[in-house]
Amino acid sequence: MGLRYYLMRRLLLIIPVLLGLSIVTFTISHLVPGDPVRLAAGPQATAEQIHKLEEEFGLDQPLLVQYLNYMKGVLKGNLGTSMMNRHPVAMDLKRYFPATFELVVVSTILGVIIGLPMAMAAAVFKDKWPDQVSRIAALSSISMPVFWLGMVLQLVLCMTLHLLPISGRFAPRVPFPPNVTGMLLVDSLLASDLPKFGIALKHIALPAFCQSLIAIALITRLLRADILEVMQRDFVTMARASGLPERVILFKYVLKNALIATVAMLGFLIGWELSGSVMIETVFDWPGIGLYAVKSAMALDFQPIMGIALFVGLLFTTVNLLVDISY
């Protein structure tokens, strides 16, 4: 009964969060200087064409009416239509989201694979060289601008050494694997096509690494502190007094208790990566919702901006709810 009440309360709290997000996003998108209708119509458009476009998208009505009409559409599953390409926003999100989700999943896995052993080594060898190396690596990762690092790695690894592709998601002259999930790594594995899996892996390696740096830094420092704190508890002292090997104590007793805060933080990290992949996707020309948001903002296309904000907000709250349930 307690879990059911908790779930109902958390699900109901999502409604005012998304409502407030929609109001803020709608207000900001309409306060930005510029005329999206004239921009969408083109420089040669007549006054009649511009007025017709305003009527088509309801932009000739008061702002409150525009907002209420938009929210009525949202309640029916309609996120509006882009003025630039005339595509439904929901269809564009369905098209671009798998690329962003794949990038977030790979970068999070990289963050865990690299950050977890770094944190364990730093805690076990406290104040020794592994701890100092992990501290320097973590501080450098969280302090370095990812867009600058991405461009440096493009220059060195792609343009100079020719080890990895400089941008994009897949080789331009190679057909995609059969579309099942929209994630090229998964789809190529489902098709048992290892060459295409290798192509997709090479393209995602650099942007995923750059996006994983903050995850590596936060996991390393937080988990190190938690491991050191758990090591001082009585049940660990009792386990050592019982003669258990240090490896068993670390993995079976210490790590399981120390991971609780890290698991909670992973939910925030995943949500942040979903909403904060704009820089990475722009630098690497990654066709996800971050790049879609940048192009929409530059075109003052407010309906995609609204749709992206609501979609990412829903994902963020859902991921955090699932993480809260998991721990």
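Visitor: Which residues does Leu93 touch, leaving out those up to four places away in sequence?
Guide: Leu93 touches Leu79, Pro98, Ile289, Tyr292, Gly307, Ile308 and Phe311, where contact means heavy atoms within 4.5 Å. Bear in mind that this is a predicted model, in which local features need pLDDT of at least 70, side-chain atom pairs count only at pLDDT 80 or more, and totals for chains, interfaces and linings use all residues. Residues are numbered from 1 along each chain as its sequence is written, and side-chain values use heavy atoms, with hydrogens and water left out.

Visitor: Thanks! And which residues touch the most other members of the largest nonpolar core?
Guide: Val37, Leu59, Tyr70, Leu93, Ile289, Tyr292 and Ile308 do, in a core of 27 residues. A nonpolar core here is a set of buried Ala, Val, Leu, Ile, Met, Phe, Trp, Tyr and Cys residues joined through side-chain atoms within 4.5 Å. Buried means under 20% relative accessible area, exposed over 50%, and partly exposed in between, with a 1.4 Å probe and protein chains only.

Visitor: Which helices each supply at least two residues of this core?
Guide: Helix H3 (47-56), helix H4 (63-75), H5, helix H13 (289-298) and helix H14 (302-326). The largest share, 6 residues, comes from H14. Helices (H or I, at least four residues) and strands (E, at least two) are DSSP runs, numbered from the N terminus.

Visitor: What lies apart from it?
Guide: Another core, of 20 residues, with Leu149, Leu153, Ile280 and Trp286 among them.

Visitor: How many residues does H7 have, and where does it bend?
Guide: H7 (residues 146-160) has 15 residues and reaches 20 Å from its first C-alpha to its last, close to the 21 Å expected at 1.5 Å a residue; that expected span is 1.5 Å times one less than the number of residues. H7 bends by about 30° at Gln154, the bend being the angle between axes fitted to the seven residues ending there and the seven starting there. Just after H7, His162 takes a positive phi of about 55°.

Visitor: Back to Cys158: why is it in no disulfide?
Guide: The nearest cysteine sulfur, that of Cys210, is 9.5 Å away, which is too far for a bond. A disulfide is a pair of cysteine sulfur atoms within 2.5 Å, and by this rule the count comes to 0.

Visitor: New topic: where is Ala99, and what does it touch?
Guide: Ala99 is found in helix H5 (residues 89-124) and counts as buried because its relative accessibility is 0%. Not counting residues up to four places away in sequence, Ala99 touches Arg169, Trp286, Pro287 and Gly288. Ala99 and Arg169 are 70 residues apart in sequence and 8.1 Å apart in space, C-alpha to C-alpha.

Visitor: Last one: how many helices and strands does the protein have?
Guide: The protein has 14 helices and 0 strands. Of its 327 residues, 42% count as buried, and its C-alpha trace spans about 85 × 55 × 40 Å along the principal axes.
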